[in-house]
Amino acid sequence: MAKYTEAKCRMCRREGCKLFLKGDRCFTDKCAYDRRPYAPGQHGRARKKVSEYAVQLREKQKTRRAYGVLEHQFHGYFEKAEMQKGVTGTNLLVILERRLDNVVYRLGFANSRNQARQLVRHGIFTLNGHKVTIPSLQVRVGDTLEVPEKNRKIPVLAEAQEVIARRGCPGWLEADGAAFKGTVKALPQRDDIQFPVNEQLIVELYSK
């Protein structure tokens, strides 16, 4: 499987906003985007004329990178969103939010989506009582995510209560840090997605 192995902070600088790919580090003085808030490379500070296509492309790249999804999979999500009833852009964001690795991150069991993806792949969680190792799995209303007793001593998971209290939990999820448990109360709505994205630009890009 293809995997991005370069410096993650370069992606934040390229997209011109924080994607929070390194979790709590993004809130410290070590954040590369805070220290160098311009695109990476020799011509990163140069003033460039930006076309309509470039704006649409950057919006797509920003969203794709924030959720840690590669191009082929992201395009597949778009096609799925297009076939569903409702607004295509909103459907796309809801599909991304329903990914299991994103839910783990939203519940406070990981400091970043990358870390959440790694924990899922290592079989740290159970979904409705069954071990899961697929980060892209789509959660449903009523699903229960839990950390088995034997895995609760992992440092990042032991800090779950503190993370939940600091970061908060979206309304469509219910987190119980003390019980190492989370529940999907409802499907996410557009207002639940605080990530700054103009999904209409993505729809326009793929509609060309």
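This is a predicted model: local features need pLDDT of at least 70, side-chain atom pairs count only at pLDDT 80 or more; totals for chains, interfaces and linings use all residues.
Good morning. A residue is called buried when its relative accessible area is under 20%.

A search of the whole structure finds four aromatic pairs. I begin with the pair formed by Tyr67 and Phe195, whose arrangement is edge-to-face. Their centres are 6.4 Å apart, and the angle between the planes is 75°. Where do these two residues lie? Tyr67 belongs to the loop between helix H3 (52-66) and helix H4 (71-83), while Phe195 belongs to the loop between strand S5 (181-184) and helix H10 (199-206). The pair therefore ties together parts that are 128 residues apart in sequence. Both Tyr67 and Phe195 are buried.

Tyr67 has a further contact to consider. The charged end of Arg113 sits over the ring of Tyr67, at 4.4 Å from the ring centre.

I now move to another pair, Phe74 and Tyr206. This pair is tilted, with 6.3 Å from centre to centre and 35° between the planes. Because Phe74 lies in helix H4 and Tyr206 in helix H10, the pair ties together parts that are 132 residues apart in sequence.

Are Phe74 and Tyr206 buried or exposed? Phe74 has a relative accessibility of 0%, so Phe74 counts as buried. Tyr206 has a relative accessibility of 18%; the limit for buried is under 20%, and therefore Tyr206 counts as buried too.

Finally, Phe74 and Tyr206 belong to a cluster: ring pairs link them with Phe78. Thank you for your attention.

Terms used. Residues are numbered from 1 along each chain as its sequence is written. Side-chain values use heavy atoms; hydrogens and water are left out. Rings of Phe, Tyr and Trp (its six-membered ring) pair if their centres lie within 6.5 Å; planes under 30 degrees apart count as stacked, over 60 as edge-to-face and the rest as tilted. Helices (H or I, at least four residues) and strands (E, at least two) are DSSP runs, numbered from the N terminus. Buried means under 20% relative accessible area, exposed over 50%, partly exposed in between (1.4 Å probe, protein chains only). A charge sits over a ring if NZ of Lys or CZ of Arg is within 6 Å of the ring centre and within 35 degrees of the ring normal.
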